Amino acid sequence: MIFLKLFLTFFKIGLFSFGGGYAMIPLIQSEVVSNGWIDFSTLIDFIAVSQSFPGPFAVNISTYIGSELAGFLGAIFAVLGVVLPGFIITLIAANFFDKFKDNALVKGAMYGLKPVVIA
C-alpha cells in the first residue's frame, strides 16, 4: 500500500509542479510532511543532500524520501511517480508535433525558436 501511495503522491507532484525541481519544494513539503512521512527538519536535510548530488533535483529528493519510507522499492516507485508525468506529456506533445510539423505556423514557430534554444 505504501508503494501505491508513494507513486500517486509523487505523480501528483510531478504533474502539478511547473518550473523545475525547486518549484516542487512547497508541494513536496505539504504532501510529505502532512502525510507524516518525515518531519520538516529531515526534509530540509534531504533538500540539501539532493542539491549537492548530481542529477535532477526531483529525482534525487524522491529517491531519498522513497528509500527512507520503503527501502529500494519505495525509491523506485517514488522516482517513477515524479518522472512519468513529464514523460507522458512529452510523448503526447511529440505525437501532436509529428501530425502538425508540416503546418506553416508550426514551421515558423520552430524556426523562431532555434536562436532561443541555441542561447
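The secondary structure of the protein chain comprises five helices and zero strands, where helices are DSSP runs of H or I of at least four residues and strands are runs of E of at least two, numbered from the N terminus. Read from the N terminus, the order of elements is α-α-α-α-α. The model is predicted, so that local features require pLDDT of at least 70 and side-chain atom pairs count only at pLDDT 80 or more, whereas totals for chains, interfaces and linings use all residues. Residues are numbered from 1 along each chain as its sequence is written, and side-chain values use heavy atoms, with hydrogens and water left out.

The radius of gyration of the protein chain is 17 Å, while a compact globule of 119 residues would have a value near 14 Å; the radius is taken over C-alpha atoms, and the globule rule is 2.2 Å times the number of residues to the power 0.38. Along the principal axes, the C-alpha atoms fill a box of roughly 55 × 30 × 20 Å. The chain exposes about 7600 Å², of which carbon and sulfur atoms supply 72%; accessible areas come from the Shrake-Rupley method with a 1.4 Å probe, and for residues only the protein chains shown count as cover. Of the 119 residues, 26% count as buried, where buried means under 20% relative accessible area, exposed over 50%, and partly exposed in between (1.4 Å probe, protein chains only). Among contacts (heavy atoms within 4.5 Å) between residues at least 6 apart in sequence, 48% join residues at least 24 apart.

The largest nonpolar core contains 17 residues, among which Phe10, Ile28, Val32, Leu43, Ile61 and Ile65 touch the most other members. The elements contributing two or more residues to this core are α1 (2-16), α2 (25-34), α3 (40-52) and α4, and α4 provides the largest share, six residues. A nonpolar core is here a set of buried Ala, Val, Leu, Ile, Met, Phe, Trp, Tyr and Cys residues joined through side-chain atoms within 4.5 Å. With neighbours within four places in sequence set aside, Ile65 is in contact with Phe10, Ile28, Val32, Ile38, Leu43 and Phe46.

Helix α1 has 15 residues and spans 21 Å from its first C-alpha to its last, close to the 21 Å expected at 1.5 Å a residue; the expected span is 1.5 Å times one less than the number of residues. The buried residues of α1 include Leu6, Phe7, Thr9, Phe10, Ile13 and Gly14, and their cover includes α2 and α4. Ile2 also belongs to α1, but counts as partly exposed because its relative accessibility is 31%. Beyond the neighbours within four places in sequence, Ile2 is in contact with Trp37 and Ala70. The C-alpha atoms of Ile2 and Gly74 are separated by 7.7 Å, although these residues lie 72 apart along the chain. In helix α2, Pro26 is exposed, with a relative accessible area of 51%. A distance of 9.8 Å separates the C-alpha atoms of Pro26 and Ile13, which are 13 residues apart along the chain.

Helix α4 (residues 57-100) has 44 residues, yet its end C-alpha atoms are only 33 Å apart, short of the 64 Å that a straight helix would reach at 1.5 Å a residue. At Ala70, α4 bends by about 145 degrees, the bend being the angle between axes fitted to the seven residues ending there and the seven starting there.

Helix α5 (residues 104-118) reaches 22 Å from its first C-alpha to its last over 15 residues, close to the 21 Å expected at 1.5 Å a residue. A bend of about 25 degrees occurs in α5 at Gly112, and a proline, Pro115, follows within four residues. The number of buried residues in α5 is zero, so this helix lies largely in the open. Val106, placed in α5, counts as partly exposed because its relative accessibility is 22%. Not counting residues up to four places away in sequence, Val106 touches Phe97, Phe100 and Lys101. By contrast, the C-alpha atoms of Val106 and Leu73, 33 residues apart along the chain, are separated by 42 Å.
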